Amino acid sequence: EQIEKGGFDHFMLKEIYEQPLAIKDTYRGRLLVDDAIIKMVGVEDNMKRFLNADRIIIVACGTSWHAGLVAEYIFEDLARIPVEVEYASEFRYRNPVITEKDVVIAISQSGETADTLAAIKLAKSKGAFVFGVCNVVGSTIARETHAGAYTHAGPEIGVASTKAFTTQITILTLIALRLARANGTMSSSDYRRQLQELELIPEKVAEALKADKHIQAIAETYKDSRNMLYLGRGYNFPVALEGALKLKEISYIHAEGYPAAEMKHGPIALIDENMPVIVIATKKGHYEKVVSNIQEIKARKGKIIGIVTQGDVSVRELADHVIEVPETLENLSPLLTTIPLQLLSYHIAVLLGKNVDQPRNLAKSVTVE
Ligand code: G6P
């Protein structure tokens, strides 16, 4: 097992560090920057179904559901296709309206999640076209869907999902970009820029990972907190949810993710000097508004950990700590802002002596209802 961990203390840390390569493996052979082409067989072969779709319904559970939420922003913003994101467990039991004109995308790392599988079967029975985004090759969901694309992230052993999440976002970005070009939503120059920026993401993830030691020191400061709040807006709202989930899963500290502006409709009541608030405040994406949310937290003496763009000044002045990530396009920012949140949870859990790779009560794959 020591050998399998490749010199890392835990599988989770190894998998966090594998992300530059995993993302590259996800776009390898699909992202052809020089030719300005995205090539994905499962999408090309079914282009008509995608282009005729009234909407896309995404079904998933857990971290994969968070990737689906990011995809909602991506598909609507870049390709102007309406998207609904559903917890598979709710979707399957609520007599949903599905027609032959719907495209359903099922996201699952393991490809074995019982609720997601049931949602797929239901959608198929109503005539929808079902596309799978799985990591495990040959898994049940990969076989049960009409077509799909593998993330090629390699085996994920840690129960708390890390590289599966970022590679899911990568593949969903590729699909959205391909559709945006096919349906004429995106200009060829914007398309080219998107492709170029996506290609740079692995090295920017590697850059974000360099904050590891700094994050470990922040973890030391906050490891005894009883609650933590994660805030983000737009593309980074789902990242806030995922950050909170990571912390809950492995450190057993109660954490909540919230859209930053919704803070004043509830969570702000919880803020005092004992509440660390992690705020994703990257330059592109409602920056000024998030800064004013930070001011509100500060006025209530909350401890602020800002996830910011390299070179940021305004948040640094207000926050107790900042963690920098490289600059990128707004729609690609979740691939970077996720990294410090994974590391923060990891270090807190390790400092608390928790079983990081196999947290209590959780399973890597939930194959029963
Ligand atoms: C379990 C795992 C999570 C995962 C979720 C969905 O809860 O612990 O990490 O996100 O299942 O799994 P899937 O394999 O369908 O992505």
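User: What should I know about the model and its numbering?
Analyst: The model is predicted: local features need pLDDT of at least 70, side-chain atom pairs count only at pLDDT 80 or more, and totals for chains, interfaces and linings use all residues. Residues are numbered from 1 along each chain as its sequence is written.

User: How do strands of a sheet pair?
Analyst: They pair through backbone hydrogen bonds, either parallel or antiparallel. Two strands pair if DSSP finds at least two bridges between them. Strands (E, at least two residues) and helices (H or I, at least four) are DSSP runs, numbered from the N terminus. Here, five strands form an open sheet in the order β4-β3-β5-β6-β7, with parallel pairing. Its edge strands, β4 (83-87) and β7 (147-150), each pair on one side only. The twist averages 20° from one strand to the next.

User: Over how many bridges do β5 and β6 pair?
Analyst: Strand β5 (residues 102-108) and strand β6 (residues 129-134) pair over six bridges, in the parallel sense. V104 stands opposite V130 in β6.

User: What is the strand order in the open sheet that contains β12?
Analyst: The order is β9-β8-β10-β11-β12, and the pairing is parallel. β9 (254-259) and β12 (321-325) are at the edges with a single partner strand each, so one side of each has no neighbour in the sheet. Strand β11 (residues 303-309) pairs with β12 over five bridges. V308 stands opposite E324 in β12.

User: At what angle do helices α11 and α15 pack?
Analyst: Axes are lines fitted to C-alpha atoms, for helices over the stretch in contact, and angles run from 0 to 180 degrees between N-to-C directions. Helix α11 (residues 212-222) and helix α15 (residues 334-351) pack at about 50°, with axes 8 Å apart. Angles under 35 degrees count as roughly parallel, over 145 as roughly antiparallel, 65 to 115 as roughly perpendicular and the rest as oblique. The two helices, α11 and α15, are therefore oblique to each other.

User: Which residues of α11 and α15 meet?
Analyst: Two residues are in contact if their C-beta atoms, placed from the backbone, lie within 7 Å. In α11, they include I215, I218 and Y222; in α15, they include L343, L344 and I348.

User: How many residues surround the ligand?
Analyst: A residue is near a molecule if its C-beta atom, placed from the backbone, lies within 6 Å of it. Here 15 residues surround the ligand, and the closest are G62, T63, S108, S110 and T113. Helix α5 (residues 62-79) gives the largest share of the shell, three residues.
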